[in-house]
Protein chains: 2
Amino acid sequence: MTEHVVGIDYGGTSTKLLLAAAGVREAVPMAQAVVPTPRGGDALEELATHVEAFVAGRPVRGAAVTVAGIVDDRGVVLTSSNLPWLAGVAIGDVLRTRLGFAVVPVHDGRAAARAEAVLGAGRGHEDTYVVALGTGVGSAHVVRGVVEPGAHNAAGEIGHISQDEQGRPCSCGQRGCLETFIGGAHLARRWREVVAASGSASPGELDALTAQDLVAAARAGHPAATAILAEATTALARGLLGMLATVDPGRVVVGGGLGQAPDVILEPAVARLRARATFHQVPPIVPATLGPWAGAWGAALTADEVGSA
Amino acid sequence: MTEHVVGIDYGGTSTKLLLAAAGVREAVPMAQAVVPTPRGGDALEELATHVEAFVAGRPVRGAAVTVAGIVDDRGVVLTSSNLPWLAGVAIGDVLRTRLGFAVVPVHDGRAAARAEAVLGAGRGHEDTYVVALGTGVGSAHVVRGVVEPGAHNAAGEIGHISQDEQGRPCSCGQRGCLETFIGGAHLARRWREVVAASGSASPGELDALTAQDLVAAARAGHPAATAILAEATTALARGLLGMLATVDPGRVVVGGGLGQAPDVILEPAVARLRARATFHQVPPIVPATLGPWAGAWGAALTADEVGSA
């Protein structure tokens, strides 16, 4: 009977569950489900109930769960900004006790990057640099299927390299970081400023605007939206060029929510990068293919290793 | 009887010869010599004669020779800007035939970086990022004794990340690269401009000025020299911060000719870096210890591997 692995992507608002045959080699799911993220003191009990129903008695070799935060060597969550009720909890131990199979925590961004490199747009390539354009900007260099963590688990912060020391303040404490140009939160704020200045939206409508609204306005030819994205894609081009000069990866994969808009983000950024490149070895720079399921696939890859260890 | 390895650092003007006991674990030489670099059509014959006299009949397991240029998979030098007579020559084969022991070519900058990481200021540490401040700016991430080459042998070009797209033209075709702020050739040119404007030097004296003269003037309190180095060390701080954010190394070692002036280069740069750092994990950032012999030591390390293979 086929053994299974379970990937759990424990997100801020919704949680994705993925079932795959053990020995994952390609992104072909046996089952997928999305549930509202269990919150608060009973969150893990509720999550386990969801997983149990999802697995439906099939044999499970192991599972992994993404955590948007820092997990110590013993598997205890130290901090998680999105899921504060996990602080101090040995999430894997709690779920294993309840479910009866091994469950290990994995960093959400690293899981997604690894999945894109191994199963997604980097599949079959020895090394891939994965960039996630979401609310913030994350990245990871994946070499032979393994994320390069850095000496202090802090590699891949290309979103927090300043391009303008007089620029807009960044959450990291610097100014003018790449993230202040192309992070979703910054783009949404800038678009709200434009719409507010036009006087055409109520406060409630303003609050609801996101970076995707900016993308839609740029696609419709709105000049201010176009100008904001021109600045954003120029910054992305500069940031990627610096990364290429430093790391020289064989392939670059760009994902995340804003990675889903290649026509107005990735393609213009790559064009600007090529216009600026001189000595650089510019590798293929391609959109991610796993979409919002990358984190769950990364968890499934981790579960595979744990279960077979 | 002790077996030996020979490291040959074939430089643009002088060539360093280093003899060490095979199984190199620390930078303790058995013999060292410096000879004028053999040039032109008979260069390798002459170099072999120097090596033969230097070795003086002692048993040699193997040797390696640095090449400032690109060597193909078969050991043929494709291009070398400093040593143009090597183009098309299988330098290792020629020397082995003449000397009777294995001689392999090794990239000069990588050899020096590896030696600093393994035998110099990075000794005993798992991973070290080595920066060479010379005529240009080179760098390499050395992990467990091995240089990370990049997918196209092009990693480590942090000297060619632009900090100012309207800045001074760089040899790489971009503008405002780190190298235009702190590369020795750029610093020498800027110092010549200052001295020329003062009208106090003859054309011959101007031509002879180097970056080391700028360093000496800054140490003596010359305001223009101080201002140039303030800009240079600010740029170095920015460049190192970007590298830390991307790579997160466990240790940074700064060498090269300008690395020998830590009081006016490295220390102010590190102070500026620390003043700007926010989320960064700032590892120890220390001066190199092997000085001009780093390349020869790197060749000795390579010779050790070849001879024992």
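**A helix and its surroundings**

Mentor: Helix α5 (residues 184-198) of chain A packs against α8(A) with the two axes 10 Å apart and at an angle of about 155°, where axes are lines fitted to C-alpha atoms, for helices over the stretch in contact, and angles run from 0 to 180 degrees between N-to-C directions. This is a predicted model, in which local features need pLDDT of at least 70 and side-chain atom pairs count only at pLDDT 80 or more, while totals for chains, interfaces and linings use all residues. Residues are numbered from 1 along each chain as its sequence is written, chains are lettered from A and ligands numbered from 1 in the order in which they are written, and side-chain values use heavy atoms, with hydrogens and water left out.

The angle makes α5(A) and α8(A) roughly antiparallel to each other (under 35 degrees counts as roughly parallel, over 145 as roughly antiparallel, 65 to 115 as roughly perpendicular and the rest as oblique). Their crossing is right-handed, meaning that the near helix is turned clockwise from the far one by less than a right angle, with anticlockwise giving left-handed. On the α5(A) side A:L187, A:R190, A:W191 and A:V194 take part, and they meet A:A224, A:A225, A:I228, A:L229, A:E231 and A:A232 of α8(A), contact being heavy atoms within 4.5 Å. By class these residues are eight nonpolar, no polar and two charged (nonpolar: Ala, Val, Leu, Ile, Met, Phe, Trp, Tyr, Cys and Pro; charged: Asp, Glu, Lys and Arg; polar: the others, Gly among them).

Helix α8 (residues 223-247) of chain A has another packing partner, α7 (residues 211-219) of chain A, and here the axes come within 8 Å and cross at roughly 110°. The helices α7(A) and α8(A) are therefore roughly perpendicular, and their crossing is left-handed. A:L214, A:V215, A:A217 and A:A218 of α7(A) make this contact with A:A225, A:T226, A:I228 and A:L229 of α8(A), a group of seven nonpolar residues, one polar and no charged.

Elsewhere in chain A, five strands form an open sheet of mixed pairing in the order β3-β2-β1-β4-β7; two strands pair if DSSP finds at least two bridges between them, and helices (H or I, at least four residues) and strands (E, at least two) are DSSP runs numbered from the N terminus. The edges of this sheet are β3 (31-36) and β7 (103-107), each pairing on one side only, and the twist averages 20° from one strand to the next. Strands β1 (residues 4-10) and β2 (residues 14-21) of chain A run antiparallel and are joined by seven bridges, with A:I8 opposite A:L17. Helix α2 (residues 91-99) of chain A lies across β1, β4 (60-67) and β7, at about 150° to β7(A), whereas α3 (residues 108-118) of chain A lies across β4 and β7, at about 85° to β7(A).

Finally, 33 residues of chain A are in contact with 33 residues of chain B. The area buried between the chains is about 2400 Å², with carbon and sulfur atoms giving 55% (the accessible area, 1.4 Å probe, that two parts lose on being put together, summed over both). A:H152, A:T246 and A:D248 supply 24% of what chain A buries against chain B, more than any other three residues.
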